[in-house]
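Take a look at the sequence and the model below.

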Amino acid sequence: METTVNISGMTCGHCVGSVIEELTAIDGINGVDIALNKGGISRAVVTSSETLDPAEVSEAVAQAGYTVVSADA
């Protein structure tokens with residue numbers, strides 16, 4: 001299953017690494033691919049084995065220091 005998550009505030013590779021680290025810590029997430037848009041809205045495609053809880057995804061992104069703008073399953 002793939003979920004697209006739009007994230008604001010990311011500006012560099014370190015930002016990407018932080019978000020990937022937090023998201024992959026969630027049970028069921030198998031991978032994260034992020035297209036960085038410096039200073040704009042970046043897109044993360046999250047691959048999981050089960051339906052994701054949007055609140056859990058938002059919390060993980062917030063723990064990395066960024067904000068989920070929207071998510072689509």
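## The two sides of helix 2

Ala55 and Gln63 are exposed, on the face of helix 2 turned away from its buried side. Exposed means over 50% relative accessible area, buried under 20%, and partly exposed in between (1.4 Å probe, protein chains only). Helices (H or I, at least four residues) and strands (E, at least two) are DSSP runs, numbered from the N terminus.

This is a predicted model: local features need pLDDT of at least 70, side-chain atom pairs count only at pLDDT 80 or more, and totals for chains, interfaces and linings use all residues. Residues are numbered from 1 along each chain as its sequence is written, and side-chain values use heavy atoms, without hydrogens and water.

Helix 2 spans residues 54-63, and Val57, Ala60 and Val61 are buried there. They lie on the same side of helix 2, because they cover an arc of only 95 degrees around the axis. The arc is taken from the directions from the helix axis to the C-beta atoms. Strand 1 (2-8), helix 1 (13-24) and strand 4 (67-72) are among the elements that cover these buried residues. Contact means heavy atoms within 4.5 Å.

## After the helix

Gly65 follows helix 2. Its phi is positive, near 105 degrees.

Four strands form an open, antiparallel sheet in the order 2-3-1-4. Strand 2 (29-35) and strand 4 are the edge strands, and each pairs on one side only. Two strands pair if DSSP finds at least two bridges between them. Strand 1 and strand 3 (residues 41-48) run antiparallel, joined by seven bridges. Glu2 has Thr47 in strand 3 as its bridge partner.
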